[in-house]
Amino acid sequence: MAIRWGNYATGPFYDELIKGRNKPREAAVDLCSYLRGLSDKDIEEYRVAASTAIHVMGITFTVYTEEEGSIDRAWPFDIIPRIIDKKEWQQIELGLKQRVKALNMFIDDLYNEQRILGAGIVPEDILINSKNFLPECLGVKPKHGVWAHICGSDLVRDQHGTVYVLEDNLRVPSGVSYMLENRHVMKRVFPDMFEKYNILPVDDYPSELYDMLCQLSPREVAQPEIVVLTPGIYNSAYFEHAYLAQQMGAELVVGSDLEVDDDDIVYMRTVEGLSRVDVIYRRIDDAFLDPEVFHEDSMLGVPGLMRAWKAGNVGLANAPGAGVADDKVVYAFVPDIIRFYLNEEPLLQNVPTYKCINKDERDYVIEHIDEMVVKPANESGGYGMLIGPHATKAEREKFVRLIRRDPRNYVAQPMLLLSTAPTLIGNKAEARHLDLRPFILSGEDISVTTGGLTRVAMRKGSTVVNSSQGGGSKDTWIVDMEGE
Amino acid sequence: MLSRVANHIYWMARYLERAENTARLIQVNTHLLLDLPRSVPLGWEPIVDILSIRENFYANYESADEKSVIRFMVTDPNNPGSIINSLAAARENARIVREIIPSEAWEEINNIHLQAKADGQSVLTRRHRFNCLNKIIKANQTITGLVGGTMNRDDAYAFLRLGRHLERCDMTSRIIDVRSASLLPQMADEHPAFENIQWIGVLKSLSAYQMYRQEMRLRVNRTDVLEFLLKRHSFPRSICHSVHQIKKCLEELPQSDAVCDQFEQLSTIVEKLDIHTLTQESLHHVIDEIQAGLMDIHLAVNKAYF
């Protein structure tokens, strides 16, 4: 009798599984009573089984440290799943589709007519100063008007249970393979839970991804040649690159496997000679994509790739330049962007965001810096952030200086009280903060993963969920309660 | 398939095969030591020669005693061919091509590497050695079974078998070479009964003893053992079998003309070989030729595909 819900403290936060007075939410009733019935020994056994499965399946991520170089770490995984009722999920799904649709229209507009700038909805200098805006992409019209084919949006929930979009990752979002593998691990470890619940499957993501990539092929052939372009085994997401290539039956390539000839066509080097490539799912950043156009010393990219893409001879997912819309300053405008292009009210909320570029908002941020989360416009992975309430005085002062020096590069948000879920710490369940990253695929149509990757901050009170900084993960169950 | 990928698959197979054969080598030497009289000077030094690692070994150790040789061959990071390094290299290659090989095979490779890292030290005590090495041999047998049972018969599989048989052919030739030459000369006169034990040891190191009895039906003796290990197609670790397999792989691969030319030279050497007229010295010479032939094929493969 190791997990006693009576001792579980939710604090001031919204808990994903437990509501007030330590009663489980409707969708979590069976899970909680199942967990309550487990002995210490059972829990230990399940935990060992899960970590063995992760070890044996080789589910890893790579961390780069100064001292040790690159090391492969086992994926951190918590065996207590996070549960979302299908009815609620369907609403979130609609909101995500709306959001990504508008974002793609926004990117396409920026690189072509620039209607939204003309209408004065988004100020022009935000665009000009964005590191992720690529003038090389002006005038390019990718198929279906889609630039961000794969989007990973981070969702969080506040203390009232409201779901917010925290950020959109439109460049090379990662994590989907862990979502798939988490489910495999859970099925190995808790097969009996899958009989009790009507848990919607997540397995079809690789097929959906494959179909979407096929739609980008410039050639009308039955089986276009699709490749996944990786920076190589030392990249933190290499596991995922290999995994997705394997699941799709696509070639996993590095830059040196590809070449672009004078005919502006991309070829890969095979044991039979050169062979044409139709679509590249690239997992390297824009700046390294093509040494002819961007960083000329990039060893990761393919010289001539931009030429081939602009000539319409190869599909690139995501399109170069798509990152202009996951700038954290642009984020603040997303509700307006949705209204402008779709003439609809946003279904999913943005976290209130102060743009330091506006003097009033900047002054407010500086005055309330100890309550704010300050983010640089173009960083990812939780780097370069200030979490005001947890920071030292010196750190806060440093950020005030940074903001004053380069206001365009910073936005600030009030500190949200992120939701929690029971997480196994020792043999007890304790509340830990988490977020959710669903993945949205856009081609001819838009589809959303069933749930997504739940990331959890394993340290008490922490809200940093990045695996490179001590975060863990959970399987995410979308359960159909009406089918019960 | 991608040239780079073919290269990784080829080396993955070579390193796995190398780890297995190195384990076999240590296994059988340990057993022999237990059978032979104390006066017989069978030691661990010949193993160092089998693997052509003398220079590197003496740069790291003073004498070729049991502990030093075994540590060098199994767990020493300074020996590029140590089992632990072979498994790490096999894993690193497998990791790069994990979308090509069956995922169960990747799991097994990952697993044996982790295991060898965790309990490789136990090989130093004779009591735990058998289990430790057997796990490595069994793991490669399992991997071979997994890829054989679940992998498409395509170029990737041909490169995998090509790597495996080039390495196996090489290791078998080394085992024969040292066992038949440097280990035995003076001993045969002094302890005739033990010469056969030596040959049984050679067979056992290749898991060939049982199959030898079935095929040759004779008492174990030098000529027949050499005939069996060099010339018989039927045994899957014989030189002749591996050579035949290399040929089959090349037939399956595209544009293999240049490699096939190299192959013919090796094939002729093996075919012309007449065991009955083979002296100790000429055997050693032929084996050198075989090893050089294998190296030439490797270089030709490298040039044609990678």
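**A close look at one sheet of chain A**

A: Let's start with the strands themselves: in this predicted model, chain A has an open sheet of four strands, ordered E16-E19-E17-E18, and their pairing is antiparallel. At the edges stand strand E16 (354–355) and strand E18 (386–387) of chain A, each of which pairs on one side only.

Now look at one pair inside that order. Strand E17 (residues 372–376) and strand E19 (residues 410–414) of chain A are joined in the antiparallel sense by five bridges. To find your place in this pair, look for Met372(A), which stands opposite Pro414(A) in E19(A).

Next comes a helix that goes with this sheet. Helix H11 (residues 328–342) of chain A lies across E16, E17 and E19 of chain A. Its direction makes an angle of about 55° with E19(A).

The domain assignment of chain A gives domain 1 as 219–313 and domain 2 as 353–414. Taken over C-alpha atoms, the centres of domain 1 and domain 2 of chain A are separated by 38 Å.

For comparison, here is another sheet of chain A. This open sheet also has four strands, in the order E9-E8-E13-E14, but here the pairing is parallel. Strand E9 (251–253) and strand E14 (315–317) of chain A are at its edges with a single partner strand each, so one side of each has no neighbour in the sheet. From one strand to the next, the twist averages 25°. Within this sheet, strand E8 (residues 226–229) of chain A pairs with E9(A) in the parallel sense over three bridges. A handy landmark is Val227(A), which stands opposite Glu251(A) in E9(A).

Finally, chain A has a partner to explore. In the model, 17 residues of chain A are in contact with 18 residues of chain B. On the side of chain B that touches chain A, helix H1 (3–35), helix H5 (83–96) and helix H6 (103–119) of chain B each supply at least two residues. The largest share of that side, five residues, comes from H6(B). By type, the residues on that side of chain B are eight nonpolar, four polar and six charged.

Note on methods. Residues numbered from 1 in each chain as written. Chains lettered and ligands numbered in written order. Predicted model: local features only at pLDDT ≥ 70, side-chain atom pairs only at ≥ 80, totals over all residues. Pairing = 2+ DSSP bridges. Axes fitted to C-alpha atoms, helices over the stretch in contact; angles between N-to-C directions. Contact = placed C-beta atoms within 7 Å. Nonpolar A, V, L, I, M, F, W, Y, C, P; charged D, E, K, R; others polar. Domains from an automatic or database assignment.
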